[in-house]
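Please look over the sequence and the structure below before reading the briefing. The notes after it are grouped by topic.

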Amino acid sequence: VKQFQEGKLVIGTNNTLKMLKKSKLGMVYITTSTPEETKSQISGVEVKKLKMTATELGKMIGKNFPIAVCGVRK
């Protein structure tokens, strides 16, 4: 993930939603395991649906925990 290497990635549902409310994100990635309640809170930004689970995304980013949502800073 190029954005992660550039330090532009915002990890986690709470952090992503906070940054989204401040209009600081250009894109949001969601996984197949993102809850519908969370998806309904994401608006006004491009959303990329990843074909992987939160656990798989966490591993891909190099974390030992699931990540259902992450955002990319503008």
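In helix α2 (residues 13-21), the residues Thr 16, Leu 17, Met 19 and Leu 20 are buried. Buried means under 20% relative accessible area, exposed means over 50%, and partly exposed lies in between (1.4 Å probe, protein chains only). Helices (H or I, at least four residues) and strands (E, at least two) are DSSP runs, numbered from the N terminus. This is a predicted model: local features need pLDDT of at least 70, side-chain atom pairs count only at pLDDT 80 or more, and totals for chains, interfaces and linings use all residues. Residues are numbered from 1 along each chain as its sequence is written, and side-chain values use heavy atoms, with hydrogens and water left out.

**More on α2**

- Seen down the axis of α2, the buried residues fall within an arc of 165 degrees, so they line one face of the helix; the arc is that of the directions from the helix axis to the C-beta atoms.
- Asn 14, Lys 18 and Lys 21, on the other side of α2, are exposed.
- An α-helix has 3.6 residues a turn, so residues three or four places apart point the same way.
- The buried residues of α2 pack against three strands, β1 (9-11), β2 (25-30) and β4 (69-73), where contact means heavy atoms within 4.5 Å.

**Strand β4 and its partners**

- Four of the five residues of β4 are buried, so this strand is mostly covered.
- β1 and β4 run antiparallel and are joined by three bridges; two strands pair if DSSP finds at least two bridges between them.
- Val 10 has Gly 71 in β4 as its bridge partner.
- β2 and β4 also run antiparallel, joined by five bridges.
- Leu 25 has Arg 73 in β4 as its bridge partner.

**Nonpolar cores**

- The largest nonpolar core has 12 residues: Val 10, Leu 17, Met 19, Leu 20, Leu 25, Val 28, Ile 30, Ile 42, Val 45, Ala 54, Ala 68 and Val 69.
- α2 and β2 each supply at least two residues of this core.
- A second, separate core has 10 residues, among them Met 27, Leu 50, Ile 61 and Cys 70.
- A nonpolar core is a set of buried Ala, Val, Leu, Ile, Met, Phe, Trp, Tyr and Cys residues joined through side-chain atoms within 4.5 Å.

- Thr 31 lies in the loop between β2 and α3 (36-39).
- Thr 31 is buried, with a relative accessible area of 2%.
- Leaving aside neighbours within four places in sequence, Thr 31 is in contact with Leu 50, Met 52, Thr 53, Ala 54, Leu 57, Ile 67 and Ala 68.
- With neighbours within four places in sequence again left out, Ala 68 is in contact with Thr 13, Tyr 29, Ile 30, Thr 31, Thr 34 and Ala 54.

**Salt bridges**

- The structure holds two salt bridges, each a side-chain nitrogen of Lys or Arg within 4 Å of a carboxyl oxygen of Asp or Glu.
- One joins Glu 36 to Lys 39, with the closest N and O atoms 3.3 Å apart.
- Glu 36 and Lys 39 both lie in helix α3, three residues apart, about one turn of the helix.
- Glu 36 is exposed at 59% relative accessibility, whereas Lys 39 is partly exposed at 28%.
- Glu 46 and Lys 48 form a salt bridge through their side chains (3.7 Å, N to O).
- Glu 46 is partly exposed at 43% relative accessibility, and Lys 48 is partly exposed at 35%.
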